[in-house]
Amino acid sequence: MSFETFLIQLLNGVQYGLLLFLVASGLTLVFGIMGVINLAHGSFYMVGAYLAWSLSERFGNLWAAIAVGVVLAVLLGMLLEWLLIKKLYTRDHLYQVLLTYGLILVFEELRSVIWADDVHGVQVPPC
Amino acid sequence: MSESRKLNAGRRRFLQDGAAVGGAAALAGLLPSTVMAQGAGKIKLGMMLPYSGTYGQIGVGITNAFKLAIAENGGKLGGRDIEYVTLDDESDPAKATDNANRLVNRDKVDVLVGTVHSGVQMGMVKIARDSGVLHIIPNAGVAAATTSLCAPNIFRTSFANAQPAYPMGKHAVDKGIKNVVTLAWRYGAGEESVEGFKDNFVKHGGKIVKDLWLPFPNVEFQALLTEIAALKPDGVFVFFAGGGAAKFLRDWQAAGLKGKITLMGAGFLTDGVLEAVGGAAEGIETTLHYGDGIETPKNKAFRLAFAKAYKMQPDVYAVQGYDAGLLLAAGMKAVKGDIGKKKELIAAMEKVEIDSPRGKWRMSAAHNPVQDIYLRKVVGLENKVIGVAQRALDYPPASLCKMPPH
C-alpha cells in the first residue's frame with residue numbers, strides 16, 4: 001500500500017471515528033450529568049437519521065428537514081423523559097439498563113413498521 | 001426469603017398456564033382439516049411472497065403479473081377455478097419453514113408459489129422436497145434450488161444468481177478490460193453473481209486482481225472505494241441491488257471513479273434505482289435476462305396489459321411472475337386440470353416453450369430457464385437494451401443437478 005493510500009485510508013478512518021464520537025459523546029453527557037445509562041441512545045440517533053431522510057424527501061430541502069427534524073427529536077426526547085426516564089433517576093442503574101434496552105427493541109420494530117427495512121440515502125445539497 | 005418463595009409460586013403458576021395454553025394449541029393443530037377432492041373443486045395456489053418490507057413491492061408485482069397470466073388464460077387452470085391462499089413471508093428466513101409448512105400441510109395447497117428472498121427460498125425448497133408439492137419459484141436466484149437441491153417438483157421461472165452475470169465476463173474481455181476487482185455483499189446472491197462473472201471472465205483470459213466483500217446490507221463503501229482507486233484496475237464488477245445499489249452508484253461518482261474505471265454489474269445494479277441516482281449511472285452497461293425496452297410485440301402487449309390492469313409499470317420481477325402463471329397454465333392444460341397426475345404435469349412443464357415478454361424460453365433439465373441474456377446501457381432514466389450478450393444460456397449447467405428419473 002502506498003503512503004498516499006495509507007493517508008487517505010487514515011483520513012477515512014478518522015472521519016468515520018468522528019461520526020461515532022458524535023454519538024458516543026451524547027451518551028457520555030447523559031450518563032455523566034444526569035446519571036442515567038441510556039442504552040437507547042443509538043435509537044435516538046437512528047430516529048434522527050430517519051427523520052432527516054423522510055423529511056428531506058417530503059420538503060425537498062435538507063435545511064428545512066434538519067430544522068423540523070431537530071424540533072421533532074427534542075419533542076420525542078422530552079416525551080420519553082416525562083413518561084419513563086423520570087421515574088428512574090433515583091433507582092439503580094440496572095433498572096435504567098433494563099428499561100432502555102426494552103426501548104431499543106421497541107424503536108427497532110417501530111422503525112421497521114413505519115419506514116420499512118430498505119437502505120436509504122440523503123442527498124447532499126449542492127454547494 | 002418469603003419474597004423468593006412468592007416469586008417461585010408465581011413462576012410455577014405462569015409455567016402451568018403456559019403449558020395449558022401450549023397443549024390446547026397443539027391439540028388444535030392435530031384436528032383434521034377438510035379433505036380436498038383432487039379431481040373436482042378449486043385449485044388451491046399458495047402464494048408465499050413478501051408483501052411488506054423492502055421487497056413488498058416486488059411481491060405485489062409478481063402476484064399481479066401471475067394473476068394477469070391466469071386471466072389471459074381464461075381465469076382458470078385446466079378448466080378449474082382457482083383459490084388463492086396468500087401469505088406474507090416478510091423476507092424472514094427464520095420463519096420460512098414454518099410458513100411453508102403451514103401452506104403445504106395445514107392449508108393443503110396444490111401448488112406452492114414463491115418467493116423473492118433466497119434465504120426464505122431455502123426453507124421453501126426444503127418443505128417442497130420433503131412433501132413433494134409442486135413448487136414454482138418466481139424470483140429467488142439461489143443456485144442450490146436448481147443444482148444441489150433440485151427436484152422434479154421444483155421449477156424456477158426467473159434466473160440463477162450467477163446466470164445474468166456470466167455473459168458480462170466475456171463482454172468485459174471483448175471491451176479490452178484485462179484486470180478486474182470484484183466487490184459485492186457477502187451473501188448468497190452476491191457471492192454467486194461474482195462467481196458467475198469470474199468463471200467466464202477468467203475463462204476468456206481475464207485476470208482478477210482482488211475480491212472485495214462487505215457484509216450485507218452494509219453500505220459503508222468509502223474505505224473500499226479508496227482501495228479500488230489504489231489498485232487501479234481496468235474494470236470493477238459489483239453486485240448490489242435496491243437502495244444499496246443507489247448509494248453505491250452515487251458514492252462511485254463522488255469518489256471520482258466514474259469514467260476512469262469501467263463499472264460493470266448484473267442488471268439489478270441499475271434496475272429501479274435510476275430515478276434516485278440522477279446522472280451517476282449514465283453509460284453503465286449491465287447484463288440481465290430482461291430489459292423494459294425489449295422491442296417485441298409480446299413485450300409491448302404485456303407492458304400495456306399490466307399497466308392497464310394495475311396502474312403501475314412492470315419490471316423484471318413482474319415478467320417472472322407472469323411466466324410462472326404461463327408455465328402452470330400450460331401444465332394444467334396438458335393434464336386437463338387433474339393435478340393428481342403429477343408425472344404428466346411435470347413432464348408437460350418441462351417441455352413447454354414459454355412465450356415470455358423477455359423472449360421465448362424453455363426449462364433446462366435442472367428446471368431453470370434457458371434464456372437470452374441482454375446487454376443494457378443506462379441512457380437517461382432508462383436501461384436501454386443495446387444487444388444480446390448471450391443466447392440460450394444454461395448456467396449454472398444443468399449437469400450440476402442430479403434429478404432422479406421421473
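A residue counts as buried if 20 or more other C-beta atoms lie within 10 Å of its own, and as exposed if 12 or fewer do. Keep that cut-off at hand for these exercises on a predicted model.

**Exercise 1. Work out whether Ser91(B) is buried or exposed, and describe its backbone.**

Step 1: Find the residue. Ser91(B) sits in the loop between strand E2 (82-88) and helix H3 (96-106) of chain B.

Step 2: Look at phi. Ser91(B) is not a glycine, yet its phi is positive, at about 50°. As background, most residues other than glycine have a negative phi.

Step 3: Apply the cut-off. Ser91(B) is buried because it has 24 C-beta neighbours inside 10 Å.

**Exercise 2. Do the analysis again for Lys311(B): where does it lie, and is it buried or exposed?**

Step 1: Lys311(B), a residue other than glycine, has a positive phi near 55°.

Step 2: Count the neighbours. Lys311(B) has 7 other C-beta atoms within 10 Å, so it is exposed.

**Exercise 3. Describe the peptide bonds from Gly114(B) to Thr115(B) and between Tyr395(B) and Pro396(B).**

Step 1: Recall the background: most peptide bonds are trans.

Step 2: Going from Gly114(B) to Thr115(B), omega is near 0°, and the bond is cis. Thr115(B) belongs to the loop between strand E3 (111-113) and helix H4 (118-131) of chain B.

Step 3: Tyr395(B) and Pro396(B) are joined by a cis peptide bond with omega about -5°. You will find Pro396(B) in the segment after strand E14 (382-393) of chain B.

Note on methods
Residues are numbered from 1 along each chain as its sequence is written. Chains are lettered from A and ligands numbered from 1 in the order in which they are written. This is a predicted model: local features need pLDDT of at least 70, side-chain atom pairs count only at pLDDT 80 or more; totals for chains, interfaces and linings use all residues. Helices (H or I, at least four residues) and strands (E, at least two) are DSSP runs, numbered from the N terminus.
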